[in-house]
Amino acid sequence: MEKNRILIVDDEKNIRNVISEYAKFDGFETVEAEDGMEAVEICRREDFDLIIMDIMMPRLDGYSAVKEIRKTKQTPVIMLSARGEEYDKLFGFELGVDDYVTKPFSPKELLARIRAVIKRSAPADASSEKQTLTFEGLEIDMSGRVVKVDGAPAALTPKEYDLLFYLVRNKGIALSREKLLEEVWGYDFYGDDRTVDTHIKMLRNSLGEYRKFIITLRGMGYKFDAGK
């Protein structure tokens, strides 16, 4: 069985070593980069199942590196941060960052998050889901992870895809913010209700007029309701 490949990006060698040691013990194959510039160059040559990216680094910071990588690849990303400001997290979410881990962190917790993100990012089994769902001019290809608005592909971040697909799979069901955090972001996500609201806003913007299908349930959460 082929091993999942992880790119570990951090300017602190000790941190790279610790993450790599635990990841290899858990069955992952690892590659290391000491700054954002090196990470971008490596990603141009190689493919990975996940990137662990520090934010504050010389030459090219983590956010800039993710933005550059996202131009050609949608590899899931977990950011490492010594800071926990809301602005940092929201900025990262807009780039499609999947999760945050704040330093200092538990290697075992980081591995649990790695496994959760990779599992969520795995292609869906085409036999278990209908290929394409259509709601007026909104087309959703669940297995191919493609969303079209009036025939034009929508530029969704990986997390917007995950959120939309979960809402659609549970269409007509009222979903609390806590439930969405648990199911879409997974293992003990480092975030709060504003994380869900921010992503719902981004998703609605991506869906254009079909934002109407995502209903706000005041004081609770959201549901997908296309009247079908």
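Predicted model: local features only at pLDDT ≥ 70, side-chain atom pairs only at ≥ 80, totals over all residues.
Author: Thr75 is found in the loop between α3 (62-69) and β4 (77-81).

Reader: Why does Thr75 count as buried?

Author: The relative accessibility of Thr75 is 9%. Buried means under 20%, so Thr75 counts as buried.

Reader: Why is the pair of Tyr161 and Phe165 called tilted?

Author: The ring centres of Tyr161 and Phe165 lie 5.9 Å apart, and rings pair if their centres lie within 6.5 Å. Their planes stand at 50°. Planes under 30 degrees apart count as stacked and those over 60 as edge-to-face; the pair is therefore tilted. By this rule the count comes to five aromatic pairs. Ring pairs also link Phe135, Tyr210, Phe213 and Phe224 into a cluster.

Reader: What separates Tyr161 and Phe165 along helix α6?

Author: Helix α6 covers residues 158-169, and Tyr161 and Phe165 are four residues apart in it, so about one helical turn separates them. Both Tyr161 and Phe165 are buried.

Reader: What makes strands β1 and β2 a pair?

Author: Strand β1 (residues 5-9) and strand β2 (residues 29-33) share five bridges in the parallel sense. Two strands pair if there are at least two bridges between them, so β1 and β2 pair.

Reader: Which unit do β1, helix α1 and β2 make?

Author: Together with helix α1 (residues 13-25), β1 and β2 make a right-handed β-α-β unit.

How values were computed
Residues numbered from 1 in each chain as written. Heavy atoms only, no water. Phe/Tyr/Trp six-rings, centres within 6.5 Å; stacked < 30°, edge-to-face > 60°. Helix = DSSP H or I, 4+ residues; strand = E, 2+ residues; numbered from the N terminus. Buried < 20%, exposed > 50% of the residue type's maximum accessible area, 1.4 Å probe, protein only. Right-handed = clockwise from strand over helix to strand, strands pointing away.
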